[in-house]
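Work through the following exercises with the sequence and structure at hand. Each task is followed by a solution in steps.

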Amino acid sequence: MNVSDYRYTWDRARHALYRYRLRNEIESIYADLIAGLDEAAFTAALRPFWNPFAGAGAAKYLAVEVWLREAVFRYLLCTAGLKQTGPVVDLGSGTGYFLWVCREHGHKILGIDIEGEPLYDACCSFLGIPRVEYRIEPHKALSDTGHELCMVTAFMTCFDRFEDGRPWDVDAWRFFLADVRTRLKSDGRLVIKFNAQADTGDLYSPDVHRVFGSTNDYRFRPFLDYAILTAR
């Protein structure tokens with residue numbers, strides 16, 4: 001999948017329409033979450049990390065009005081048609097906003113992320129997001145997430161690279177998909193939102209697309225920069 005593909009262009013239009021239709025629900029959920037947040041205490045706890053010119057750095061996520069709404073949208077997209085409420089594990093959980101939304105919808109939650117970003121540590125601590133520090137690597141099983149999960153998510157992935165910067169190949173993805181499947185309930189869901197490669201615009205290669213679509217463990221649906229895989 002590439003950002004210049006016809007399918008991607010078509011999905012951008014569908015994405016905009018879908019988000020427009022959800023706008024009232026997004027605003028309602030966002031308002032409920034903000035109403036339960038001690039904004040003064042949150043501001044005080046995160047003030048050391050504030051940067052008005054955050055750019056691509058972690059401080060950009062302190063624009064809560066933007067990123068919490070995005071987390072709400074992701075939740076509604078990821079759970080559309082999902083007929084169960086169970087534990088959710090978010091890989092690369094960052095600030096924990098997505099898991100905050102999941103918890104408010106009745107899910108048990110767990111974040112997995114690498115150490116080294118104090119802003120994420122402080123934000124998850126303030127929001128009470130349980131998290132384990134763990135580096136996801138190719139051909140290495142995830143940490144102990146438990147089983148019978150409702151959903152495993154990964155947004156704007158960074159872990160899917162070898163040490164030399166190359167994107168994971170089909171063997172690395174096959175191992176990852178099989179490992180996640182052992183943790184999911186039947187009809188549970190794995191949702192991955194990819195970052196496009198700056199030099200090529202690729203989200204993932206045609207070979208990886210075929211792996212997603214041919215595995216017997218999942219039903220695969222690509223949507224924009226998302227790969228949505230539902231466990232069989």
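**Exercise 1.** Find what joins the side chains of Asp11 and Arg14.

Solution. Asp11 and Arg14 form a salt bridge with an N to O distance of 2.8 Å; the term requires a side-chain nitrogen of Lys or Arg within 4 Å of a carboxyl oxygen of Asp or Glu. Both residues lie in helix α1 (residues 6-21), and because they are three residues apart, about one helical turn separates them. Helices here are DSSP runs (H or I, at least four residues), numbered from the N terminus. Asp11 is buried at 0% relative accessibility, while Arg14 is partly exposed at 32%. Buried means under 20% relative accessible area, exposed over 50%, and partly exposed in between (1.4 Å probe, protein chains only). Arg7, Asp11 and Arg14 are linked in a network of salt bridges.

The model is predicted: local features need pLDDT of at least 70, side-chain atom pairs count only at pLDDT 80 or more, and totals for chains, interfaces and linings use all residues. Residues are numbered from 1 along each chain as its sequence is written, and side-chain values use heavy atoms, leaving out hydrogens and water.

**Exercise 2.** Determine which parts the salt bridge between Glu27 and Arg69 ties together.

Solution. The closest N and O atoms of Glu27 and Arg69 are 2.7 Å apart. Glu27 belongs to helix α2 (residues 23-35) and Arg69 to helix α4, so the pair ties together parts 42 residues apart in sequence. Glu27 is partly exposed at 35% relative accessibility, and Arg69 is partly exposed at 24%.

**Exercise 3.** State whether Arg74 and Glu70 are buried or exposed.

Solution. Arg74 and Glu70 form a salt bridge at 3.3 Å between the closest N and O atoms. Both lie in helix α4, four residues apart. Arg74 and Glu70 are both buried.

How values were computed:
Helix = DSSP H or I, 4+ residues; strand = E, 2+ residues; numbered from the N terminus.
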